[in-house]
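Dear colleague,

Please find below the structure that I am handing over to you, followed by a summary of what was found in it.

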Amino acid sequence: MKYYFETDRLIAKPLSENDAPAVFQWSGDPEVNRYMIYPLHRNIGESESWIASLKAEDNVFGFSLRGGTLIGSGHVCPCKEEPLAWVVGYNFRRDCWGKGYATEAVKGMISWARENFGVKEFVSSHAVANIGSQRVQEKCGFIFDHACEYQKWDGSKVFPAVFRRLKF
């Protein structure tokens, strides 16, 4: 199986320790982190530690522009709460918002999971206030399933959220 795919504008591949400075550009940005469950990275070392903790089965991809600049990351993996579905998540540098990269990346991850694992159902959620993620999920075909909430790992914030589903 290949842990690599391409879209029209992006190359997706596993992250490496050399990617930590680029990862820190979004993982250390409070605005990008606003609705994320992970804690804000305070230095590149925290980004390095996160990258080092990743396992192949996490299916985490770094998304680079075809010119080579790493601009975001995402994951697509089995959902613990939904045994037949896989969960999709994504995160991009703020200066890359509103350009369609997240939609392109999510569609790429869905195609990759369908091709390599035969996945027929995907789930994703977003904070109600995160309109950008709502638009990405809708453009990718996810439909409303139910209202929910989630919290940051450290429990510092709870977000009213929307849980969405995509079936093939």
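Tyr 101 is found in helix 4, in what is a predicted model. Tyr 101 counts as buried because its relative accessibility is 12%, and buried means under 20%. Apart from neighbours within four places in sequence, Tyr 101 is in contact with Arg 9, Leu 10, Leu 65, Ile 71, Phe 92 and Cys 96. Arg 9 lies 92 residues from Tyr 101 along the chain, yet the C-alpha atoms of the two are separated by 7.9 Å.

By class, the lining of the largest pocket has 22 nonpolar, 16 polar and 6 charged residues.

The second largest pocket has a volume of about 500 Å³. It is lined by 22 residues, with Trp 97, Asn 130, Gly 132, Ser 133 and Val 136 the closest to its centre. At least two lining residues come from each of helix 2 (30-33), strand 5, helix 4 (101-117) and helix 5; the largest share, 5 residues, is that of helix 5. The lining of the second largest pocket divides into 10 nonpolar, 7 polar and 5 charged residues.

With kind regards

Definitions and conventions
Residues numbered from 1 in each chain as written. Predicted model: local features only at pLDDT ≥ 70, side-chain atom pairs only at ≥ 80, totals over all residues. Heavy atoms only, no water. Nonpolar A, V, L, I, M, F, W, Y, C, P; charged D, E, K, R; others polar. 1 Å grid on protein atoms, 1.4 Å probe; cavity = no way out; pocket = protein on both sides within 12 Å on 5 of 7 lines; lining within 4 Å. Points joined across faces, edges and corners; volume = space filled by probe spheres on them. Helix = DSSP H or I, 4+ residues; strand = E, 2+ residues; numbered from the N terminus. Buried < 20%, exposed > 50% of the residue type's maximum accessible area, 1.4 Å probe, protein only. Contact = heavy atoms within 4.5 Å.
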